[in-house]
2 protein chains.
Amino acid sequence: MFQEAEPATTSLKGSPAVPEYQRTCRLDINRAQHVLYVVGTSLDVSVYRSAPPGSKSFSVKCTSKVKYSISPPTSETSHLSPIPLNNNTILLISMDRASEFENDSKLSVRYYNENKNAVGVAVLHLTGVEISLDVDADRDGIVEKNNPNKGSWKWGPGGYGAVLLVNCDSESKFCKFEDDSSKQEFIFNISDLKDMSPMKLRTRGPARLPEGYKLMMHICLGDSEKICVFRSISGNKNDNGAENKRSVKDYPLVLGPEVLSQEVPYPGGNAEMEFHVEGLEFPDKDFDGLITINLSLLKPISDGVPETPIFTDKVMFRVAPWIMTPNTLQPEEVFVCRTTDNQQFLREIKALVAKTGFKLKTCEPYMNRGDRWIQDEIEFGYIDSPHHRFPVVLDSPRDRELKNFPCKVLLGPDFGYVTREPQSEEVSTMDSFGNLEVSPPVTVNGKNYPLGRIIIGVAFPTAKHGRNMTKVVQDFLWAQKIQKPIALFSDWLVVGHVDEFMTFVPAPDRKGFRLLLASPDAAYKLFRDLKNNGHGQARMFDGLPKEEKITVDELLGSGSLKNQNDYVQSCIDWNRDVLKKELGLDDEDIIDLPILFHLEPEEGFRAGALYPDMVNMIVLGKNLGIPKPFGPKVNGRCALEAEMSSLMGGLGLNCTFIDDFYSYHKKLGEVHCGSNVRRKPFHFKWWNMEL
Amino acid sequence: MFQEAEPATTSLKGSPAVPEYQRTCRLDINRAQHVLYVVGTSLDVSVYRSAPPGSKSFSVKCTSKVKYSISPPTSETSHLSPIPLNNNTILLISMDRASEFENDSKLSVRYYNENKNAVGVAVLHLTGVEISLDVDADRDGIVEKNNPNKGSWKWGPGGYGAVLLVNCDSESKFCKFEDDSSKQEFIFNISDLKDMSPMKLRTRGPARLPEGYKLMMHICLGDSEKICVFRSISGNKNDNGAENKRSVKDYPLVLGPEVLSQEVPYPGGNAEMEFHVEGLEFPDKDFDGLITINLSLLKPISDGVPETPIFTDKVMFRVAPWIMTPNTLQPEEVFVCRTTDNQQFLREIKALVAKTGFKLKTCEPYMNRGDRWIQDEIEFGYIDSPHHRFPVVLDSPRDRELKNFPCKVLLGPDFGYVTREPQSEEVSTMDSFGNLEVSPPVTVNGKNYPLGRIIIGVAFPTAKHGRNMTKVVQDFLWAQKIQKPIALFSDWLVVGHVDEFMTFVPAPDRKGFRLLLASPDAAYKLFRDLKNNGHGQARMFDGLPKEEKITVDELLGSGSLKNQNDYVQSCIDWNRDVLKKELGLDDEDIIDLPILFHLEPEEGFRAGALYPDMVNMIVLGKNLGIPKPFGPKVNGRCALEAEMSSLMGGLGLNCTFIDDFYSYHKKLGEVHCGSNVRRKPFHFKWWNMEL
C-alpha cells in the first residue's frame, strides 16, 4: 500500500474541480500530521522548514492516490538517490480522488545527512474529500456539478452566474417585514420553494469528517439582509421511496438577516444536500444585486480558539431585476376603475377589450374610493429566472385613494409587490406612474436594449422650481440596469406626465414600432387644411351640450393660442430630439398626432390638452383605445378621428374612440391615465443582455 | 449675399466640434424665424409640417455659411426644378463657422403648388455661435479646446477625462463644514486656486447673444454636494497689462452644494472665461467619483415660462482617489512620539533616521498626551492630478489621546486631511491603522496593480464574536478602487493588527520586494539548530534585569508553547496562502522570520509576541529599524539578530536593532506601531491604471 509515486506531471493550476487553491501545510518529524485534503486543491509544504538539524537531502514516498511535485524542479541524477535540500524546496501535494476511509493515504519525507544516513522522517496521513457548493450557474434550470464559473457572474449569452428571485409574492411576507426575523427558524410556506433558487452541497469521501472538522456556510454582513438560505432535510421518504408530505419543519433556516454563518452537516460519502435560496431585496442604489454564499471547511484548533477555514467554496447569485413591459407586448389583463360617473367610459372600454379577447378587471369603488387614475398608482412588471417567473407590481409612492389596491388586490401567490417611498421628501404629481413608461426594444449606436428603455419625466435641470420624480424611485429604476432609463422634460405640463405627449404603438415594419408624439404643428396643419378646403366654420365639441363650441376659423385666429402651442411644440421637440438620440430613432420612426394644448396661467403657465389628448391611449395589440377628440366634423365625420385613423391604419392598427370627455378629460386625464395593462413577459431572458 | 448653396455632401455625424447633436427646428410661412445655431450641431426641419395648403414641391436657398441636406435624398431631375414634397421630407441645416453679427445668415424654403406656382416662403434668420466648455481631458495640465471625449471618463494610458482634487488641505475648510455654505459667495482663499481644476468656457460669435438667450451652468442634485465651481472675473489688469493683485471677490461662486444652476455671462466674440472646480468629497460607497458639469444655452419663451435649453455641453471629472504608499517608496518624514519613558527608544530612532538622511518629526507630549501609537492614529497617503499633488492624512476613527495630532499638526497648506467615523457602530482595535498596510506594486494573473494593494485585517467570517475594521473605513478604502484591498485574518492576535505578522521590504531582484512573515516554525528551526550545536543553555532576555530568563532547552521543552505556536503558524499560513494568491507571490518572494508567540487565555486565547516582534519594523530605504529581540547569545551575539541580519543582508538591507522592550513591546506594540513614515508619491499616475 505504501509505494513510490512519480511526481505529478500535470500542472495543478486550473484544475476543473474547484477554483485554484493552494494551502500551506506543515511537516513535523516529531509527530505524524493528519491532514484533511480537498480534491482539486494542492498542499504546499516547505521541506526545509521541518528538516532536522544536519539534513542535506531528502526522499519522498507516497500511496497510490497521492501525487506530488518538487519545486524548484531538481535535476535528479538517479531515480533512487536522495534530492538535495535547499531552504526554498517546496513539495506540492495533491490527491486525484476522494478517500474511502479516514487517513487511507500517506506521504512521508525522509531526511538524510551529508553521509546519506537517515536523520528523521516526517509523515503525513491524508484524508481526501470532494466538496462542492453548486448552483445553476449555466442558467438551464439544473444545478450542475462544480461549474468553474459558479463564483462569479457575467452578463450575456456567453455569460454565467446563478439567478435569485426576490420572493415578493404573498405566500410569505418578506423576512425583513417579520416582527422578529431572527426568530424565524423555518421556511414560511412550502409553496415558497418554487420562488427560491436551488443550491446543492455535494460531497464525496469517508462517511464522516475527521474529528472536530466541520462545514460552515456563511455570508458577509453586507449580503445578509438580502437573502435567506433554507436547508432541505432529506430522508423523509416512505416505504415506496416516495416522499411523505413535507412540512415547513423540513426546511430549517441556515442563513438570513440575523444569521451570518451556520454549521451545515457533512452529507457524508457520495451524497448531496439541497438548499433553497430566497432573495429579499431588489437591486438598488446601494446594492448591485450580487450576493456571494460561502461554504468553508473548518479545522479544529483547540478549546476556546475559533476553528480555521482550510478551504472555502463560493457561489454567486444576481438578484433578478424588475422588468417593465412596453406596449408592443401582448396584454394579459386590462384594469380600469368603476366610479359613480364613468359608466359610459366603462361600457366602451369593455366593448373594446371584449373585441380583443383579453381579460378586463374592474377595480370597484370600495377599493378605489373614487380614485380613477389606475395608471398612476401602479406599474406592472415581472421578474424572471431560469427556474421561475412571475409578475410584480411596482407601487407608486403617490398613495391616493387607490393606495390599498396593489397590496390588497394584486399581491398574491405568484404575483409580487415592490414599492419605494421617500422618507422625508414630498411626493409630487411627477411620482405618478403615468410618468413612467418603457420603450419597445431598440438598438442605439450598436448598443442593444432588447428589453427597451424606461422613460420618466422630470424638470429641466436649469429650472429653479422644477418638479421631479422622487429620488428613491429614480434610484430603484436606474439600479435595475437592464432598461436604462431616459429622463424626459415633462414639467411643462400641469399634470407633468410623459404619457400626455408620447406613446408607442406596434408597427409591421422598420423597428417594429412607432413613437407617437402630440404635435401642435400637426394640428395647425390639419386645421389650416380644413379652413383651406372650406371648413372654417366646422365646430369643435359638437355633441357635448355643455361645452362652448369653437370654429376652425376661431381656433386659427387666436394669436395667443398659437403662441402657447409654439411653446408646447418646442417642449415636445426637445423631447423628440432626446428620444431620437437615446432610442436611436429616425424621423420616419415618429408619427406626429394633431393635438393642441393651452397654458394655465394659474398653474405657472403649464400646459394641458385643449381637447381629448389622443396620444394618451390604451394599446391592446392591434387595437387602440383612443380618447374621442370631439374635433370639427367634415361630412359628418370628425376630422381628427379621420386623421388619426388614417395614420394608424397605415400601420394596420384599428382605432376605437372612447368618450372620456367628462369622466377623465375634464379631470385632466384620459384613457391611458384611467387604465392599466398587465402584459406578457419578454421571450428574451434578461441575463442574456450584454451590459 | 443670398445665394444658392449645394446640399452638404459630408455627413453631419461625428462632427469633431461638439458631440453629435440634432435639434428639431420649425419653419413658419407666416413669420420669419430667428434661430440661434451652435456650430457642430444640426437643425432638423420638417419641410412638410409648415407647408401651406396645396404645396407639392419646394426649393431651398441659403447664404454662404449655411449648409443643408435633404432627407430622404431626392433623385433630382434638374438642379433648378423644385423638389417634390413628402410628409417625411427633412431638411438638415448646419453652419460651418460662427457668425460675426446677429442674423448674418439666412435660409429660405419656397413652396410651390402642382402648377409650380409659389404658394409661400418660410425664412430662417440664423446666428451661428461656437460654445465649448473645456477641461484638461487629455491630462497634460493644459485645458485643450473641445476634446471629443471631455464628456466621459476612461481609465488607462489610452484613456481620457479630467481629474478633480478634493480640496482637503487647510487654506480653506470644506464648503460643507461651513456654517452656511449657501451663503458662500466667493472662493475662500486665493491660494486655493492651485488645488482646483481649471475649466474654460470658450465662445466665438457675435459680441452679444440675441435678446433673451442665456448661458446656464448646472449640475444634478446628486453631484451638487461633491463640488464647487468658481468663476474668474477677468479684466482686472493694470496699464502695463500685468494683473493687479487679485482678491477673493474676483472668484465668485457659480455652483455648489446649495447652487445647482446659475447663469454665466456669454464671454462674447472670440473669447474665453476661466472657471476653477473644487472637489468636496472623496469617492465612497455611494459616490463613484464621477461628476458632470453641464453648460446649457437657453432660449427665451415668454414671461413666466422657463427658458428651453437648445444646446448642452458636458464635461466629466473624476475625483482623485486617496493613495497609500508602500515601504518600497522613499521616505520623506519619520514621525515618533515623545513620552515620559521612551528616551532610549527616541535616541536610537534618531540615530537611525540621521544615518538615512531623512527628516525626523517628534510629536511632543502636550499633543500626544501619552499616546505613543502614532502608527495607529493615522495613515499617510496623497492625492494627485495633472495640475497639482499633495499629501493627505487619513485619520483613524480610533481617536485616543493622539486624536488632535492629524488635524492640528499635519493639516495645513498643501497637506490634506480626511477621516471616516462610524455613526453608531463601536470602534475597536481593528480600526487602528497598524491594521492598514499596502503592498508594493504587483501583477496578479496578468492584472497589474501598479500602486500595490491595500491590506487590512479582519475576523474570519465564520467567527461568531470576531472583531472587524469598521464598515465606513472599509467602504472608503474599497471605493478608492486603485489599490483594491485584501482582507487578511488578524483577529487571532490580541491587538489584532496585520503589522504584527507581516511587512514588505525592498529587494534588488524578483518583484522588487520581499514579503516578510513572522514564523514560529522558522523560530523553532533556529532554536533546534542552536540546541543541536550545543547552545541549549543560552538564555533569552539577557541584559533585561527585570525579565525571567528562559533557556533554549526550556523553550524547546514546552509542549504547550509548541501547541500555541502551531496554532499561530496555521493562522499565519492561512494569510500566507491568501497573500500568495492575491499578490501573485511565489514562495521565493516570502521570507520567514523566526518569531514566537504565546496565547493569552484571558484575551480569548488570542496571541502576542513572546519576544520583540522583529517583523514590526520601520523600513527606511535600505535601512531597517527592527525591535531588538533579546534572543539567546552565541559567542556574544544574539542568534535572532544574527539570523535576521543574514536574511536581510542577502537583500542588501542593513538592520538596526532598536531597544523597544519596556517602552513598546511590553505595552503590546513595537517599533512599527510607535512610528510612522510619510513617503514620496509614486511616479506612476493613477489615471493610467487599467481598471
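## A tour of the two-chain model

Select A:Arg49 to begin. Leaving aside neighbours within four places in sequence, A:Arg49 is in contact with A:Arg26, B:Asp521, B:Ala522 and B:Lys525. Contact here means that the C-beta atoms of two residues, placed from the backbone, lie within 7 Å.

Before moving on, some ground rules. This is a predicted model, in which local features need pLDDT of at least 70 and side-chain atom pairs count only at pLDDT 80 or more, while totals for chains, interfaces and linings use all residues. Residues are numbered from 1 along each chain as its sequence is written, and chains are lettered from A and ligands numbered from 1 in the order in which they are written.

**Stop 1: around A:Arg49**

Stay on A:Arg49. It sits in the loop between β3 (42-46) and β4 (57-62) of chain A. Helices (H or I, at least four residues) and strands (E, at least two) are DSSP runs, numbered from the N terminus. Is A:Arg49 buried or exposed? A:Arg49 counts as buried, with 20 C-beta neighbours inside 10 Å. The scale is this: buried means 20 or more other C-beta atoms within 10 Å of the residue's own, exposed means 12 or fewer, and partly exposed is in between, with C-beta atoms placed from the backbone.

**Stop 2**

Show both chains. A rotation of 180° with 0.0 Å of shift along its axis superposes chain A on chain B, with an RMSD of 0.1 Å. That is the relation of a two-fold axis. Select A:Asp286 to find the axis: within chain A, its C-alpha is the nearest, 3.3 Å away. The superposition is by least squares on the C-alpha atoms of residues with pLDDT of at least 70 in both copies.

Now colour the interface. Chain A gives 48 residues to the contact and chain B gives 47. On the chain A side, the elements giving two or more residues are β1 (22-25), β12 (214-218), β17 (290-299), β18 (308-319), α7 (520-532) and α9 (559-583). Which element gives the largest share of that side? It is α9(A), with ten residues. By type, the chain A side divides into 17 nonpolar, 16 polar and 15 charged residues. Nonpolar covers Ala, Val, Leu, Ile, Met, Phe, Trp, Tyr, Cys and Pro; charged covers Asp, Glu, Lys and Arg; the others, Gly among them, are polar. Of the interface residues of chain A, 98% are also interface residues in chain B, so the copies meet through the same surface.

**Stop 3: β12 of chain A**

Four of its five residues are buried. Strands count as paired if DSSP finds at least two bridges between them. β12(A) runs antiparallel to β17(A), joined by five bridges. Pick A:Met216 and look across to A:Ser296, its bridge partner in β17(A). β12(A) also pairs with β15 (residues 261-264) of chain A, antiparallel, over four bridges. There, A:His218 has A:Ser261 as its bridge partner.

**Stop 4: the domains of chain A**

Colour chain A by domain: domain 1 (22-130), domain 2 (135-319) and domain 3 (323-688). These bounds come from an automatic or database domain assignment. The centres of domain 1 and domain 3 of chain A, taken over C-alpha atoms, are separated by 74 Å.

Next select residues 310-688 of chain A, where an unreviewed UniProt entry places the feature "domain: Protein-arginine deiminase C-terminal". UniProt positions are given in the numbering used here, feature names are shortened, and annotations may be inferred rather than shown by experiment. The span is 24% helix and 29% strand, and its end C-alpha atoms lie 36 Å apart.

**Stop 5: β28 of chain B**

Switch to chain B and select β28 (residues 454-458), where five of five residues are buried. Both faces are covered: B:Ile454, B:Ile456 and B:Val458 lie on one side, B:Ile455 and B:Gly457 on the other. β28(B) pairs antiparallel with β25 (residues 436-438) of chain B over three bridges. Four bridges join β28(B) to β29 (residues 486-489) of chain B, in parallel. Centre on B:Ile456. It is the bridge partner of B:Leu436, and it stands opposite B:Ala487 in β29(B).

**Stop 6: two loops of chain B**

Select B:Lys116, in the loop between β8 (105-112) and β9 (118-134) of chain B. This residue is not a glycine, yet its phi is positive, about 60°. B:Lys116 is exposed, with 10 other C-beta atoms within 10 Å.

Finish at B:Phe605, in the loop between β35 (597-600) and β36 (606-609) of chain B. Its phi is also positive, near 60°. B:Phe605 counts as partly exposed, with 18 C-beta neighbours inside 10 Å.
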